[in-house]
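Visitor: Please walk me through this model. I would like cut-offs with every term.

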Amino acid sequence: MMVEKLQEYGISDPKVLDAFLNVKRHLFVDSMFWDCAYDDSPFPIGSSQTISQPYTVAYMTSIIVSHYHTGKILEVGTGSGYQAAILNYLKYKVFTIERIEMLYKKSEKIFKELGLNIALRLGDGTLGWHEMAPYDAIIVTAGSPDVPKSLLEQLNENGRLIIPIGNSEKQRMMIYHRQGNTIYESSANMFAFVPLIGKEGWKE
Ligand code: SAM
């Protein structure tokens, strides 16, 4: 049902669709949402945060898959851990940062239970994860007022930062592509994310 919806919305890469068929979304949400876990909807995951709508996860994943077959990815905003699990299924080396301890602990538990080799950290992801840089792609799953400079600095040659930028209600998906010392900027669809809170994001 979820995969059909994604196809209807224009997600066509077979590798991306296969990941959505195989990573069990219900494992990343509270059991009270199990009946509708495969609907194309976001759900609350506690601390006023959400697991993103599958279309949003698929959209960001498709950008990565269209440019990189393998590589190192940093996700800012682990949330439920679902996006990280999708990227891990697609064989990327995934690093993910969450600022809320309760969500960090929940994701750590589910990754362990599923035997997923995903590096996880508690902290302010607007500053990136310097020790593990550079990354082929950095994906920010919360809405930012501007582009965090620290994230641009942690991109590999030919790396891309994919980040929703805008106000607290709506953000445009932006892509920053590093080639040598130049950063090429392009924009994509509008989305509505919870805020990216941190030193280089929104203030608390
Ligand atoms: N990718 C997630 C998933 O698959 O469930 C959805 C993420 S949710 C829409 C956004 C997450 O970003 C929230 O869990 C929030 O706590 C986190 N967040 C916000 N600001 C952050 C920051 N500076 N560093 C790390 N995580 C942050």
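**Cavity, pocket and contacts**

Guide: The largest cavity is lined by G143, S144, P145, G166, N167, S168, Q171, F193, V194, P195 and W202. A cavity is a set of points on a 1 Å grid over the protein atoms alone where a 1.4 Å probe fits but cannot get out, and lining residues have an atom within 4 Å of a point. This is a predicted model, where local features need pLDDT of at least 70, side-chain atom pairs count only at pLDDT 80 or more, and totals for chains, interfaces and linings use all residues. Residues are numbered from 1 along each chain as its sequence is written, and side-chain values use heavy atoms, with hydrogens and water left out.

Visitor: How much space lies in the largest cavity?

Guide: A volume here is the space filled by probe spheres set on the grid points, which are joined across faces, edges and corners. The search of the whole structure finds 1 cavity of 30 Å³ or more. The space in the largest cavity is about 40 Å³.

Visitor: Is Q171 buried or exposed?

Guide: Q171 is placed in strand β8, residues 171-179. Strands are DSSP runs of E with at least two residues, helices are runs of H or I with at least four, and both are numbered from the N terminus. Buried means under 20% relative accessible area, exposed over 50%, and partly exposed in between, with a 1.4 Å probe and protein chains only. Q171 has 1% relative accessibility, so Q171 counts as buried.

Visitor: Which backbone nitrogen lies 2.7 Å from a polar atom of the Q171 side chain?

Guide: A polar contact is a pair of N or O atoms within 3.5 Å; within protein, one must be able to donate a hydrogen and the other to accept it, and residues adjacent in sequence count only if both atoms are side-chain atoms. The Q171 side chain reaches the backbone oxygen of N167 at 3.0 Å. At 2.7 Å, the backbone nitrogen is that of F193.

Visitor: What is the volume of the largest pocket?

Guide: A pocket is an open set of grid points with protein on both sides within 12 Å along at least five of seven lines. The volume of the largest pocket is about 540 Å³.

Visitor: Which lining residues are the closest to the centre of the largest pocket?

Guide: Elements giving two or more residues to the lining of the largest pocket are β2 (49-51), α3 (54-67), β3 (72-76), α4 and β4 (93-98). The lining has 36 residues, and the closest to the pocket centre are T50, S52, T141, A142 and V194.

Visitor: Which residues does F43 touch, beyond those up to four places away in sequence?

Guide: F43 is in strand β1, residues 43-46. Its relative accessible area is 7%, so F43 is buried. Contact means heavy atoms within 4.5 Å. The residues touched by F43 are R25, V29, F33, C36, A37, Q49, T50 and I51.

**Rings and charges**

Visitor: How many aromatic pairs does the structure hold?

Guide: Rings of Phe, Tyr and Trp (its six-membered ring) pair if their centres lie within 6.5 Å; planes under 30 degrees apart count as stacked, over 60 as edge-to-face and the rest as tilted. The number of aromatic pairs in the structure is 10.

Visitor: Why is the pair of F20 and Y82 edge-to-face?

Guide: The ring centres of F20 and Y82 are 6.0 Å apart. F20 is in helix α2 (residues 14-22) and Y82 in helix α4 (residues 82-89), 62 residues apart, so the pair links distant parts of the chain. Both F20 and Y82 are buried.

Guide: A charge sits over a ring if NZ of Lys or CZ of Arg is within 6 Å of the ring centre and within 35 degrees of the ring normal. K72 has its charged end over the ring of Y135, 5.4 Å from the centre. Over the ring of Y82, 5.8 Å from its centre, sits the charged end of R25.

**Backbone geometry**

Visitor: Where is P134 placed?

Guide: The peptide bond from A133 to P134 is cis, with omega near 5°. P134 is in the loop between β5 (119-122) and β6 (135-140).

Visitor: Is K91 buried or exposed?

Guide: K91 is in the loop between α4 and β4. Its phi is near 75°, a positive value in a residue other than glycine. With a relative accessible area of 69%, K91 is exposed.
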